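The entries below are in the order in which I made them.

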Amino acid sequence: MKLQGSFGKVVKITGLALLAVFVLLFGGGFIYYQIIARAPLPQIDGEFSVKGLKDRVEILRDSHGVPHIYAKNMHDVSFAQGYVQAQDRWWQMEFYRKTCAGRIEELTGKKSALVSSDIYLRSLGLYGVCKREYESYTPAERAPLDAFAAGVNAYIAGKSPRKLSVNYALLGLTGVKFTIKPWTPIDSLMFSKIMAWDLGLRRDPEILRTRLYEKLGAKMAEMWLIPPWPVTEKPTTLTGEDIKALFGGTVATHLKGEKHFSSAHAAGIPISDDGAPDFSWMGGGHDGVGSNSWVATGKMTKSGRALLANDPHLGIQMPSIWYEVALHAADDGTGRPFDVQGFTFSTNPGVVIGHNADISWGTTNVYPDVNDQYMIKVNPKNPLQYRWNGAWRDMTVRKESIVFGNGKPSIEITVRVTHLGPIINDNRYDPETGTLAGFNNEDPRALKWTALEPGRIALAIIGLNKARNWNEFRAALKDWDAPSQSIVYADTKGNIGFQMPGRIPIRPAGLAGQVPTPGWGSEYEWKGYIPYDLLPRAFNPARGFMVAANQEVAPPEYYAALNARLGGAVNANFGSRYNKWVYGYRAQRINEMLRQSAPHTPATYRAMQNDDVNLSAAEVLPYIKKLELSNGDLAAARDWLMQWDRRFGEESPQAVLYAMFWKRLTGLVFQDKLGDVAKSDAADKEMWAMKLLLANPDDAWWDDSTTKNKIETRDEVLVRSFREGYEAAVAALGKNRAKWRWSDLHRATFVSTPLGASKIGLLEKMVNRGPVPVGGSTECVNNNMWDAGTGDFSVVMIPSMRMIVDMGDFGGNVSINSTGQSGHPKSPWYGDMIDSWRKGAYRPMLWTRPQVDKAAKYTLVLKP
């Protein structure tokens, strides 16, 4: 998740407020900034009483500020976790909860480009969903959430906004007034919803597909949207043998009579635009959210014990989305000790990715289509009714008020909700005129999305933290509903496994959810969800390892066996024919290294996580080699490029030339045809589409749409791309190729939201970190992704943390966060891990009490 990106476009400080801040900072206000920036720094040493605890709690911090919490019971460990996460990340927590709730302008004041975002998120009704979710839990299930919220509130109670974050102090200069509201369990639950949006709903192409079909035709549109997944050339997470073990015996290898996509226009209803506003400021607008994870054991490791690696790829931000913590309670409620460490989100209790005394787990994104947009027919005589099964059905109506922190008049909206979901394209706001359109009865669409149903993912996380073996691990993941993930497993007995959990819809036969679906009859409704025991999983495969790197999760025979097992006229296929999985370059490289470098140790895993080989380049370079280049400089540059090892290391000069060429090539081939409908990003799907197109030199994608009476072919476009890419490299870095460095172009800037996007240079320097030079590139294992649509090679997505767990020796476990523990710019732990992160270095994950005591720099004791 990336909560900044183009945020500066919409939350910049303007007018008199900008002048006031400018004068403050440049007219002697620097000292004032130092004062207000230090004011929120928390007390991390000493001893004092806190209302709400049951017993004494010790919080030991190491040299990087990572807290190790020791409590007597589960209530106190969750309470203390809430307390320390509020100490270090309160502004991040506040910003996340306001964003999720559709209340971001309570923090920023009214911003015309943000109004639509608040309206859309409020229309989804996430707060109400989470309230029903919380109310469905038993008192015991609520306990960790309740205790966490109590700990957060114990810290923030009685503190003025300025004592909690410098953001309040500076945003207050723009006229925004703040009231700090208590943290609630619902605030914690809402974060999983916005993650589900970022990892899934944001990628929904239904409206985009409809537009591209109109512009390009189905064949060309599908080549760019979802080129055929390379099942025979790239490794799926599960193999055919895994599928046989899952279903038993021989399974079919294909689905019979399967249709691809239904047409939105066959229904006779126009599709004017997408229901969602521009969320690039929040999610970054990038399609490559992913991760790497793998496990190996037995003959694949030097010790014979299991080794696990995980590095989630998310939007670059300041501070990191991850917070590292270790939790220890003498009694987990059953008389057993509770010990777990790893990474969590600042808004939530427990550990999302990590290990306990018996098992470890890592997560990567997986891409089932879990939402559909339904076209609604509104009663022309009553806008609060819609057609369903031949009759008019009443909608539910909800009133919402969009309030602005700077006192601007609020905006009142009415949200219409069908039984399928809320109508998401009502209340369209025009940022130019400031007018609100109200009901849309021309082409209203209701959103059905699994995250709009009460879920249990918070319980799954606590269950994982307590699980002792494979069966308990799987039992916990049965509650992991949205967002769906690929989760790898390892334990101290040498076992490894994989489970994909999630609430995955079963659609009627003939419907794939790829374009808007008719919403006026039960024949179009989902038929339920895929049973948990039929979702992809594997345990101790004979090969001794498993890799989940966002590639296709299973081969075609899985989906054939799944539909056969379900029976009836249904479509349960969530595979690559219907979804945009990442195209397997990282997975292929990880598989190669696992086999080539075995037996493995934590050291070989470190090298793998930081590997910067680009496999797509190996598919393209042979075509460059064969080009006829009449220009001597170009020919010499081409021959020089042929000596390249395909590594995007920081110092690589050839990486500069290849990146410039590749950016130009994807622009000429893809952006040229996409026009203003979509943006080329030069990422994984374009890598694979290009590989397929290179084998077809006369494909229509090669033609330059700007030239008349001429049809360009592959080699003409390749020559032009190479020439223009070379010229761009010379213009950027000079004619001496030996002095080119990839990291001169490829840099990472960690932006704090919103002050870091204020467009005030000195202020941005105070709260941002970077730019720093980095290696890696899009679809390298070291996936420091850039996006061609941004115009340069600046990093937009990163390995947001890296973790390696040795189940045979917890003392050797290592990790690195991408920034630091703290969200306070004046804290020494604000960005202290950035340099280690970019260099591929790690820090120890301290586990035993003697290790922690030896490394402890600060000890905070909380007493009831």
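What follows are my notebook entries, grouped by topic.

**Ground rules.** I am working with a predicted model, in which local features need pLDDT of at least 70 and side-chain atom pairs count only at pLDDT 80 or more, while totals for chains, interfaces and linings use all residues. I number residues from 1 along each chain as its sequence is written, and side-chain values use heavy atoms, with hydrogens and water left out.

**Core.** I began with the nonpolar core, meaning a set of buried Ala, Val, Leu, Ile, Met, Phe, Trp, Tyr and Cys residues joined through side-chain atoms within 4.5 Å. For burial I used relative accessible area with a 1.4 Å probe and protein chains only: buried is under 20%, exposed is over 50%, and partly exposed lies in between. The largest such core has 218 residues, and W449, Y558, F574, Y658, W662 and W701 are those with the most contacts inside it. Apart from that core I found another of 18 residues, which includes A309, I590, M608 and V814. I then listed the contacts of Y558 (heavy atoms within 4.5 Å): leaving out residues up to four places away in sequence, Y558 touches I243, L246, F247, L534, L535, P536 and F574.

**Ring pairs.** Here I counted rings of Phe, Tyr and Trp (its six-membered ring) as paired if their centres lie within 6.5 Å, with planes under 30 degrees apart called stacked, over 60 edge-to-face and the rest tilted. The structure holds 34 aromatic pairs. One of them joins Y558 and Y559 edge-to-face, at 5.0 Å centre to centre and with 80 degrees between the planes, and both of these residues are buried. The pair of W742 and F793 is also edge-to-face, because its planes stand at 65 degrees, with the ring centres 5.5 Å apart.

**Charges over rings.** I required NZ of Lys or CZ of Arg to be within 6 Å of the ring centre and within 35 degrees of the ring normal. The charged end of R142 sits over the ring of Y134 at 4.7 Å from its centre, and K685 lies over the face of W224 at 3.5 Å from the ring centre.

**Salt bridges.** With a side-chain nitrogen of Lys or Arg within 4 Å of a carboxyl oxygen of Asp or Glu as the rule, I count 52 salt bridges. D242 forms one with R543, and their closest N and O atoms are 2.8 Å apart. This pair links distant parts of the chain, since D242 is in helix α12 (residues 240-247) and R543 is in the loop between β23 (537-539) and β24 (545-548), 301 residues apart. D242 is buried at a relative accessible area of 7%, and R543 is buried at 18%. The salt bridge of D715 and R714 spans 2.9 Å from N to O; D715 is partly exposed at 35%, whereas R714 counts as buried at 15%. I also noted that R589, E592, D611, D612 and R647 are linked in a network of salt bridges.

**Strand β18.** How many residues of strand β18 are buried? The answer is 5 of the 5 (residues 445-449), so the strand is largely enclosed by the rest of the structure. R445, L447 and W449 point one way from β18, and A446 and K448 point the other way. Strands count as paired if DSSP finds at least two bridges between them; β10 (residues 371-375) and β18 pair in the antiparallel sense over 5 bridges, and R445 in β18 is the bridge partner of M375.

**A buried histidine.** H824 is buried, with a relative accessible area of 4%, and, not counting residues up to four places away in sequence, H824 touches P40, L41, P42, Q87, D88, L164 and Y830.

Methods
Helix = DSSP H or I, 4+ residues; strand = E, 2+ residues; numbered from the N terminus.
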